[in-house]
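Please open the structure in your viewer and switch to a cartoon view.

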Amino acid sequence: MWCGDEEYVAAEQINLSEVLQRSALLANLSPAEIKLLAERTVRKHVSAGENLFHEGEACQALHIIARGRVRIYKVSASGREQVLAINGPGECVAELPVFDGGNYPASAVALEDGEIAYILRRDFLNVCLERPEVALKMLAMVGARLRRLVGIIEELSFTTIRQRLVAALLRMAQCSGRHTERGIELTLPGSHQELANELGTVRELISRNLMRLQAEGFLEVDARHVVIKDEKGLGEVLLGS
């Protein structure tokens, strides 16, 4: 968690420039604009389980993942956790308060040892004042992120747990699945509990629905290892057929 400039560790500028160039949020910036931001960027090592920030805290900096994965989540009054996203290298974390000056709308925790690149909010705003085109380019990417969050809300509101699980499996198959003679093999990125948190449900329902999909011949499940036997059939489940 950010607590002051003394906790940051400076990094070679070339490494920071590469990190910024990989970020989708900064994808539209020119090399000169990337360099301008890199000059104001520092890096900090984080350990698995370390909190970057908590929901409701004042925004201190723009966070960009250089290495490792970060879970973005909210916790209800009853203590139930809802995972909003699991971000990896090149992705930004909770960038909206950097623009509007509000508090962090969610919490963030490192899932594994890694590194985070930080641009302090005051430095970022100074760059935007010097180069307004930087802010305009970044706002376009923020809009795309908001559309994704709207999609998450729609999915949680209008689909069943079974459909959400199938949609998640198909996304994983597309991103990291391995086509073999048995089918599309993939490894769940976390436990059934973590998957339940991401899909807005409880672990028991995830396990029950995985077993049901296996009994119906769509999957083979062995703990976190999943083989999709019938991708077309899963697509029909997703459509509610």
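The stops below cover a sheet, a helix and a single side chain.

Keep in mind as you look around that this is a predicted model.

**Stop one: the sheet.** Select β1, β8, β3 and β6, and you have an open sheet of 4 strands in that order, with antiparallel pairing. Which strands stand at the edges? They are β1 (41-46) and β6 (92-93); each has a single partner strand, so one side of each is left without a neighbour in the sheet. Now zoom in on β1 and β8 (residues 114-120), which run antiparallel and are joined by 6 bridges. To see one of the pairings, pick Lys44, whose bridge partner in β8 is Ile116.

**Stop two: helix α9.** Move to residues 231-238 and show the side chains of Leu234 and Val237, which are buried in α9 along with Gly233. These three lie on the same side of α9, because the arc they cover around the axis is only 100°. To see what covers them, display α6 (161-176), α8 (203-215), β11 (219-222) and β12 (225-228), which are among the covering elements.

**Stop three: Glu185.** Finally, select Glu185 in strand β10 (residues 184-187). Is Glu185 buried or exposed? With a relative accessibility of 13%, Glu185 counts as buried. Show Thr180 too: its side chain and that of Glu185 are joined by a polar contact of 2.9 Å. Beyond its sequence neighbours, Glu185 touches residues including Ser176, Arg178, His225 and Val227.

Note on methods. Residues are numbered from 1 along each chain as its sequence is written. This is a predicted model: local features need pLDDT of at least 70, side-chain atom pairs count only at pLDDT 80 or more; totals for chains, interfaces and linings use all residues. Side-chain values use heavy atoms; hydrogens and water are left out. Helices (H or I, at least four residues) and strands (E, at least two) are DSSP runs, numbered from the N terminus. Buried means under 20% relative accessible area, exposed over 50%, partly exposed in between (1.4 Å probe, protein chains only). A polar contact is a pair of N or O atoms within 3.5 Å; within protein, one must be able to donate a hydrogen and the other to accept it, and residues adjacent in sequence count only if both atoms are side-chain atoms. Contact means heavy atoms within 4.5 Å. Two strands pair if DSSP finds at least two bridges between them. The arc is that of the directions from the helix axis to the C-beta atoms. Lists of a residue's contacts leave out its neighbours within four places in sequence.
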